[in-house]
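Trainee: I have a structure open and would like to talk it through. Can we start with the surface and then go to the strands?

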Amino acid sequence: MWKLLDLVRRNRTLAVVGIAGMTVGVVGWTGFNATMDVTNSLWFCTSCHEMSVPFEEYKKSIHYSNPAGVRAICSDCHVPKDWSHKLVRKIQATNELWHKLRGTIDTPEKYEAHRLELARHVWDGMKQTDSRECRNCHSYDAMDFEHQKPKAAEQMRKGLEEGQTCIDCHKGIAHKLPDMSTGYKAIHDELAAAGATLSPKAGDRLLTLATKGFWLSKPASESTSVDGRLLAASRVEVLGRDGDFLQIRVGGWQQEGAERMFYTLQGKRIFVAALGNDAVEKVVRSRTMTDPDTDQKWSEGALTVWTAKSGLVADEAKLEAYGSEMYNAACGLCHALPPTGHYLANQWIGVLNAMKRFVSLDDEQYRFLQKWVQLRARDTGGKH
């Protein structure tokens, strides 16, 4: 002991520095943890006026007020509990400070304009972590399915069996759901604008954005009675152009006894075009086959017609994004989004028809969505 005291006496500077370092370390670590706790508090999370909109929505949710008196605050849902992931989340939050300075969502109008983007960011994060923050309070192992409503218990068990995560079915649990249609509507507008400036020439292969009429001979105007209609997402080949009208070739499969419809593939009810009586007579058929499963006869044919230049697009990737966005918005809001390859092309017709009353798509959008999923079905190239 005397030797140690003598060493300290002869090395006072080193001792002072060591003690000071330990003191600063303890104070710094305590302050750091205190700061982390403060920034996780409900008061801190709602202190910015940007959060006034989501805070008011949250106060009306069961996470804020419920019979059990258990309240989940912002950090319970948006900040991990374990140290490493919490630190990463806090570092990521510095990006929010940048948007605070920029005023990205400093008005209710701006917040609403970014609502879908913000919601998707959170949903994607929860999907990646298997709804980690939800599971801080909710656990499958602790659930008493006997005390749940029968339908809820059935859905929870099914979700568990299929490996679904909480956010698949519980979007909008604490905040108002965004207008999911804004995403695909914006893409549609971009496609329409690009199509309006398109200058097609012979040899171009284009796609229809929506249902549009066609004529066997070049019409005087678009008000002339049509000889048939092309359905959305149908491929056409440009043969020539005369003003605002294009001569095109459209092809598909026809079923014996139902020749007024062109289908994309033999045996698959994927609509390409509806033909009038005169148009049926003009179809040039190339081959005929019999479906081994149904004994139905199918013929592949093509038709040369005229159509208006408007409503055609060349950007197939953008059209793919339009369908993908619509599928996600219409079918992924209330439950886990099923892979398009989960069903056969013809099965998708019944599946979508059963869900039609739950989605806010108009007839044109519904037809486009049906064709989009059919072209990605299990028997048309989709992955199960």
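**Surface patch and strands**

Mentor: This is a predicted model. On its surface, Trp29, Phe32, Trp83, Leu87 and Ile91 make up a nonpolar patch, and together they have about 500 Å² of accessible area.

Trainee: Which elements give two or more residues to the nonpolar patch?

Mentor: Those are α2, residues 12-39, and α6, residues 83-92. The largest share comes from α6, with 3 residues.

Trainee: Okay, strands now. In which sense do β5 and β6 pair?

Mentor: Antiparallel, over 2 bridges. Strand β5 covers residues 245-255 and strand β6 covers residues 258-263. Opposite Trp253 stands Tyr263 in β6.

Trainee: How many residues lie between β5 and β6?

Mentor: There are 2 residues between them, and the two strands form a hairpin. In the turn, Gly257 has a positive phi of about 95 degrees.

Trainee: And over how many bridges does β6 pair with β7?

Mentor: Over 3 bridges, in the antiparallel sense, with β7 spanning residues 271-275.

Trainee: Which residue in β7 is the bridge partner of Met261?

Mentor: Ala274 is the partner of Met261 there.

Trainee: Where do side chains point in a regular strand?

Mentor: In a regular strand they alternate between the two faces of the sheet.

Terms used. Residues are numbered from 1 along each chain as its sequence is written. This is a predicted model: local features need pLDDT of at least 70, side-chain atom pairs count only at pLDDT 80 or more; totals for chains, interfaces and linings use all residues. Side-chain values use heavy atoms; hydrogens and water are left out. Patches are made of residues with over 30% relative accessible area and no salt bridge: like charges are joined within 9 Å, nonpolar side chains (Val, Leu, Ile, Met, Phe, Trp, Tyr) within 5 Å. Accessible areas come from the Shrake-Rupley method with a 1.4 Å probe; for residues, only the protein chains shown count as cover. A salt bridge is a side-chain nitrogen of Lys or Arg within 4 Å of a carboxyl oxygen of Asp or Glu. Helices (H or I, at least four residues) and strands (E, at least two) are DSSP runs, numbered from the N terminus. Two strands pair if DSSP finds at least two bridges between them.
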